Amino acid sequence: MKWYSKMWALHKHKSSIIKLGVMILATTLVIRLFLYNDSRFPPDSPLIQQTTPVQTPHLPFPDHIMSDSRINDELHKKSGKCDLFAGDWIPNPSGPAYINETCDFIEEHQNCMKNGRPDSEYLYWRWSPRNCELPQFNAMRFLEIMQHKTWAFIGDSISRNHVQSLICMLSKVEEAELFYHDEGYKSKGWRFPSSNLTIYVLWSPFLTEAAIYEDINGVSSQDIELHLDRLDKKWTDLYKNLDYMIFSSGKWFVKTAIYYENETVLGCHACQKNITDLKIEFAYRKSLQSVFNFIATSDHKGVIFYRTSTPDHFEGGEWSTGGKCDRTVPFKEGEVEMKSMQKLLRQTELEEFENAVGKATENGVRLKLLDFSLLSLLRPDGHPGPYRQYYPFAKDENAQVQYDCLHWCLPGPIDAWNDVIMEMIVNG
């Protein structure tokens, strides 16, 4: 501000020659700063030559967000050790990196804007770690860094939700090409031609081998048969060819299942058979031990992330018992407590990750943690809610509609996960 005041004084009182010089200098600095932040790689990059960025239409910024009294200047004074997973959601007047009109890869159930969600405040927040600056995702730079690389998001529908977010953010620069899908479109593969970047999402909700008998609406015809000691070949068959992986699990372990080890029934969870009832924690820990042991003892030379499971925000019930999520702003820290089941899943994940990371490091395996649980806990406003369906109240404003308080709107809070991941990749 002092520099600006001096320049203004010169502009006001000095000769026209000096005014012209100052204007030229300021313009040059702005142009150089813009080019540095926008690309940060040479002008002869093949990405600059072969791709044309897609402009996201401007959305009006809700003025009242800035009046939140908890936002203050101290939030932006960053110092000390950086924990990317401890911070605050702060106003983001620039809005989302994309909208449904600029991305064709959003599944209907997460396309909140297309489905008629009437509020837009949830689009105007960004994640800000308390002790460091977190640059927003740079799609062009990501594609440059990831030339000839292969990614895989391995897990359940939240992994699929996440991969759509990344594909949409990258589509600002270049449209992805879908080259693979399984019969049910749960596993998919995309390629970005200019960088030869390949991204998979691999449907493996338990990470270990499981026989699942659910229809498209989640109704089971018989109990899940889960092998705690046999890994899912969907990802193990590709493992050595993947440069980057993000594993996650958790939510499916609350379902009714029969547990196997060494081809023998160990017990079950919530089943109706005369079998020993075992705790969810037992099965989840066993499965994670199988996964982490495989990873830590491998000779993989890429980067492997484990993402903690993320909380839902159902209130007054659950998925199939009338639970809702009608909040329109983030929680403040301390306003919400994690549900007991989510605490159990996350604690198990953190313990087993800690047990594995030492061995992985000894073997030269780069295993990193993405602990998005607390970051996501503060965003009850970011779910589709009733807008998992197209204009659910168009015919009856009092219609009884099932809410989705587990998955995330796209665009939405899940986009911030990519900001964090890119920062971890770029700055280690």
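Trainee: Hi! Which strands form the open sheet, and in what order?
Mentor: Hello! In this predicted model, 4 strands form an open sheet, ordered β7-β8-β10-β11, and their pairing is mixed.

Trainee: Let's zoom in on β7 and β8. How many bridges join them, and do they run parallel or antiparallel?
Mentor: There are 3 bridges between β7 and β8, the latter being residues 224–231, and the two strands run antiparallel. If you want a pair to click on, A210 has L226 of β8 as its bridge partner.

Trainee: Nice. Which helix lies across these strands?
Mentor: That would be α7, residues 280–296. Helix α7 lies across β7, β8, β10 (257–261) and β11, and runs at about 35° to β8.

Trainee: Changing topic: what does α10 look like?
Mentor: Helix α10 covers residues 415–427, which is 13 residues. From first C-alpha to last, α10 reaches 19 Å, close to the 18 Å expected at 1.5 Å a residue.

Trainee: Is α10 mostly covered or mostly open?
Mentor: Mostly covered, with 10 of the 13 residues buried.

Trainee: Which residues of α10 are the buried ones?
Mentor: They are D415, A416, W417, N418, D419, V420, I421, M422, E423 and M424.

Trainee: So how does α5 pack with α10?
Mentor: Helix α5, residues 157–170, packs with α10 at an angle of about 75°, and their axes are 9 Å apart. That angle makes α5 roughly perpendicular to α10.

Trainee: Which residues make that contact?
Mentor: On the α5 side, I158, H162, S165, L166 and M169; on the α10 side, D415, W417, N418, D419 and I421.

Trainee: Last one, zooming out. How many helices and strands are in the protein chain?
Mentor: The protein chain has 10 helices and 13 strands. Of its 428 residues, 50% are buried. The accessible surface is about 21,600 Å², with 52% of that belonging to carbon and sulfur atoms.

Trainee: And what about contacts between residues at least 6 apart in sequence?
Mentor: Of those contacts, 75% join residues at least 24 apart.

Methods: Residues numbered from 1 in each chain as written. Predicted model: local features only at pLDDT ≥ 70, side-chain atom pairs only at ≥ 80, totals over all residues. Heavy atoms only, no water. Pairing = 2+ DSSP bridges. Contact = heavy atoms within 4.5 Å. Axes fitted to C-alpha atoms, helices over the stretch in contact; angles between N-to-C directions. Expected span 1.5 Å × (residues − 1). Buried < 20%, exposed > 50% of the residue type's maximum accessible area, 1.4 Å probe, protein only. Areas by Shrake-Rupley, 256 points an atom, 1.4 Å probe, with all protein chains shown as cover. Parallel < 35°, antiparallel > 145°, perpendicular 65-115°, else oblique.
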